[in-house]
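Hi everyone, thanks for coming.

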Amino acid sequence: MKEGKKQTANPFDMPQKKMGWCPGCGNYRILDALKGALHESGIDRRELVIVSGIGQAAKTPQYVNANMFNGLHGRALPAALGVKLARPDLVVVAESGDGCMYGEGGNHFLHAIRRNADITVIVHNNMVYGLTKGQASPTSMVGMTTPVQVEGVMLEPFNPLAVALSLGAPFVARASAGDGDQTKDIFKQALAFKGVSVVDVFQPCVVFNKLNTYKWFSEHTFYLDSSHDVTDRTQAIRISLDSERLALGVLYRHEGRETYEELLGAEPAALGEQRLADDELQEVINSFR
Amino acid sequence: MLHQDDISLVFGGAAGQGIQTIADALVTVLKNNGYAVFSCQEFMSRVRGGSNSSQIRITSERRNAYVRKIDLLFVLDAEALDHLRWRIGEGTTIFAEHDQLGEEDRGRVIDTPLKEFAQKAGHPVYTNSVAVGAVLGVLGLGLEEFNDYLSREFESKGEEVVGRNHDAARLGYEFGVKSAREHHIDITLPTAAEDPASLLLDGTSGLGIGALMAGCGVVSSYPMSPSTGLLTFLAARGRRFGIVVDQAEDEIAAVNAALGASYAGARSLVTTSGGGFALMSEGVSLAGVTELPLVIHIGQRPGPATGLPTRTEQGDLNLALHAGHGDFCRVLLAPGTPAQAIKLMQRAFDIAESYQVPVFVLTDQFMLDSVSMLGDEEIVRLPLQRRVVKTGSDYERYRFTDDGISPRGVPGYGEGIVKVDSHEHDESGHLTENFTIRRKMVGKRLQRLGSLEQEAVPPERIGSDDAAALVVCWGSTRGVVEEALDILQDDNIAALHFSQVFPLHTGLGGMLEGKQVIVLENNATGQFADLLHAVTGRQADRRILKATGEPFAVEEVVEALKGGVAS
């Protein structure tokens with residue numbers, strides 16, 4: 001698949017002047033998979049909000065013909081939550097890179113999972129900081145040298161899948177940007193899932209990460225097959241902890257949990273001039289007599 | 001001992017001992033007896049122990065300020081007596097259990113066996129009812145209103161509990177009557193001229209009622225004293241009034257969630273204090289560039305950093321004024337009374353939505369926790385006007401307009417799509433680095449400042465137009481300045497109270513012309529005096545400042561103003 005390749009009659013396509021990504025970037029393939037998944041899922045682009053943070057991955061909604069909240073670095077998840085609380089009827093996707101979601105926004109990642117609002121979380125995981133030019137990310141492999149980590153990365157990589165599973169995320173998957181069809185299929189499952197769905201997507205950074213290339217990813221990954229029981233959380237955690245053979249596909253799904261917005265009883269925000277009834281207001285005031 | 005016109009009752013004790021319960025009951029009972037009352041609290045940052053106090057004032061007219069003097073002091077332990085010793089004067093009558101006190105204090109204190117009476121009524125838990133009964137006895141008031149109050153409060157706990165509370169109140173009351181007689185405590189209360197149906201409202205509840213009136217839809221916040229009360233007020237009423245209340249993992253999440261909700265069409269609110277707000281700064285900047293309405297309540301407390309968590313200060317004006325990188329417009333409101341809190345909270349939501357800017361409501365611990373009296377006529381309900389448009393298929397969120405304000409569409413309402421962006425963006429909301437568009441967008445965002453100045457709430461003048469000196473104050477210091485001026489009865493001193501502190505009203509320069517300007521604020525440097533200087537070019541002739549963590553007392557303001565401009 002070539003960058004910028006048009007899929008016919010996809011309403012999420014935009015007539016794009018210029019893309020901000022480098023030639024060969026894994027982001028193009030993730031973008032195509034996302035637009036394909038959105039279209040094939042029958043989602044109305046006017047009922048969809050894609051919320052992102054900052055970074056190259058976070059530019060994704062700039063290239064999708066749908067509602068967009070391109071917010072601050074690290075803050076995609078709280079903004080996405082706000083959208084969902086005000087408009088639980090909208091489809092909400094939060095999309096950003098590993099630095100944004102796991103580094104700057106790490107605390108939000110933990111608590112977004114605990115809340116379990118119906119948000120599809122897509123993380124482009126290229127294991128490096130691209131936009132700031134090649135420093136280590138939370139998922140960089142130990143030993144990778146960078147202009148800052150001159151002696152090599154010393155920190156243990158953040159394991160998003162294990163963290164998500166341990167916090168009780170009801171849908172946890174991993175995709176690989178190089179595999180367009182499989183990624184699209186995983187996105188479709190995540191979009192259809194009610195509750196928070198976490199999809200970590202391996203994404204080669206052709207400029208700054210010479211270690212984790214398309215080739216490296218294809219050599220180190222494998223797809224879970226039908227023998228994997230997606231309802232077995234313990235098994236999913238075991239798989240997520242394997243850093244040698246990296247599993248792709250849906251590791252875990254647990255249907256039926258109530259979402260945060262359901263538990264809160266959130267209703268679509270009133271947009272008209274709905275005044276609080278005089279008698280209801282008076283009752284509140286009277287309680288202070 | 002003779003007291004009149006203005007009675008100050010103070011209750012001191014450790015956290016968890018129930019002094020707040022006593023004060024809450026008493027202030028309601030006094031109000032129901034027709035008296036003008038006011039109450040305020042000062043407390044330490046701990047869950048149990050320490051030394052806290054509550055003041056209740058019974059005044060000849062409605063007041064909204066703290067006084068240092070104490071007429072009747074009830075202390076529940078020796079530490080409370082030490083804590084309040086500096087405020088004890090010759091006219092102070094002190095009640096406490098002698099066995100709680102050191103030998104040296106006993107002679108000065110009327111032995112008040114609260115626990116013994118409570119035990120007699122059935123259990124130490126009835127101590128609070130004994131105490132309120134004792135106060136009513138000392139004051140020479142009847143017990144009926146308090147008995148009614150207890151019946152209402154404990155109705156759900158059954159007749160026995162109500163009965164035992166009544167017994168406890170009676171035991172305390174009889175003791176109070178006897179003590180007043182034996183110790184010649186002769187109290188003349190001010191005339192009970194108030195309507196017993198008046199409201200008793202603290203600043204927090206004023207803000208909450210304002211937020212309900214304004215149709216607040218989402219509040220996301222992280223608890224922080226003294227701002228948490230607004231969060232709990234709305235949480236208690238959220239289900240009923242359709243307000244979604246989210247306790248965020250941190251203040252950064254709170255402000256971003258509020259902006260997400262605002263983008264989606266809800267009127268949204270965050271409530272925090274200085275330290276929490278510091279974390280929200282980038283979110284304020286995001287509100288600025290995305291042109292999303294947002295209301296930010298900052299309940300101020302003394303900093304820097306953790307400072308004095310439960311105390312009061314007006315030290316975050318500069319923070320609110322300057323927080324957030326880049327140039328964009330904002331509005332800062334500062335209610336001085338619960339009635340103003342109701343009105344200005346509605347105004348905050350309205351301005352935020354009309355002008356698509358962040359609006360701050362600045363309060364402080366003193367204002368939030370103080371209970372004052374108001375009549376129904378003081379409660380103003382502003383028209384509620386939403387300004388969300390249904391989008392057409394060619395909708396662009398940042399369309400250039402004559403006044404710089406683009407029609408506000410929200411996702412999922414109309415045929416269009418709505419793109420908002422923290423980057424500089426073009427009219428469609430997509431990021432751009434085009435310098436021409438950048439120039440126009442900067443102008444668009446700042447253009448509304450002119451209208452915001454025109455629409456600013458003008459300062460309220462207290463006293464004569466002709467006075468040579470003007471005491472300039474803002475926010476919570478309104479009550480103390482007003483009372484000090486009433487006491488001074490000096491035609492040459494008037495006051496200007498600002499309930500909007502930014503932008504300042506365009507006509508302001510004229511109001512200060514030819515006047516001696518004394519700025520009074522509850523902070524260390526005179527942040528508002530500096531702002532006034534920056535905006536009007538007018539230096540304050542004198543600054544009266546206080547940054548101890550306490551509110552101004554009426555006595556010290558009177559003392560400070562006696563000297564006029566010179567001192």
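Let me start with how chain B is laid out: domain 1 covers 2–187, domain 2 covers 200–378, domain 3 covers 389–453 and domain 4 covers 460–562. Please keep in mind that this is a predicted model. Taken over C-alpha atoms, the centres of domain 1 and domain 3 of chain B are 59 Å apart.

Now to the place where the two chains meet. Chain A brings 46 residues to the contact, and chain B brings 55 residues. Which elements of chain A give two or more residues to the side that touches chain B? They are β1 (48–52), β2 (67–70), α2 (76–86), α4 (106–115) and α10 (278–286) of chain A. The top contributor to that side is α2(A), which gives eight residues. Sorted by class, the side of chain A that touches chain B holds 24 nonpolar, 12 polar and 10 charged residues.

Let's stay with α2(A) for a moment. Its axis comes within 6 Å of the axis of α10(B), a helix of residues 251–263, and the two cross at roughly 45°. Because of that angle, α2(A) counts as oblique to α10(B). The crossing of α2(A) past α10(B) is right-handed. If you want to find it on the screen, look on the α2(A) side for residues including Pro78(A), Leu81(A), Val83(A) and Leu85(A), and on the α10(B) side for residues including Ala253(B), Asn256(B), Leu259(B) and Tyr263(B). What classes of residue make up this contact? There are 13 nonpolar and three polar residues, with no charged ones.

The chains also meet through strands. β2(A) pairs with β19(B), a strand of residues 419–421, in the parallel sense over three bridges. One pair to look for is Asn70(A), whose bridge partner in β19(B) is Asp421(B).

Last stop, a helix pair inside chain A. Helix α1(A), residues 26–40, packs against helix α6(A), residues 180–192, at an angle of about 50°, with the axes 8 Å apart. That angle is why α1(A) is called oblique to α6(A). Here, too, we have a handedness to report: α1(A) passes α6(A) in a right-handed crossing. Among the residues making the contact are Arg29(A), Asp32(A), Leu34(A) and Glu40(A) of α1(A), together with Thr183(A), Lys184(A), Phe187(A) and Leu191(A) of α6(A). By class, this contact has six nonpolar, three polar and five charged residues.

That's my tour, so please ask away!

Terms used. Residues are numbered from 1 along each chain as its sequence is written. Chains are lettered from A and ligands numbered from 1 in the order in which they are written. This is a predicted model: local features need pLDDT of at least 70, side-chain atom pairs count only at pLDDT 80 or more; totals for chains, interfaces and linings use all residues. Two residues are in contact if their C-beta atoms, placed from the backbone, lie within 7 Å. Helices (H or I, at least four residues) and strands (E, at least two) are DSSP runs, numbered from the N terminus. Ala, Val, Leu, Ile, Met, Phe, Trp, Tyr, Cys and Pro count as nonpolar, Asp, Glu, Lys and Arg as charged, and the others, Gly among them, as polar. Two strands pair if DSSP finds at least two bridges between them. Domain bounds come from an automatic or database domain assignment. Axes are lines fitted to C-alpha atoms, for helices over the stretch in contact, and angles run from 0 to 180 degrees between N-to-C directions. Angles under 35 degrees count as roughly parallel, over 145 as roughly antiparallel, 65 to 115 as roughly perpendicular and the rest as oblique. A crossing is left-handed if the near helix is turned anticlockwise from the far one by less than a right angle, and right-handed if clockwise.
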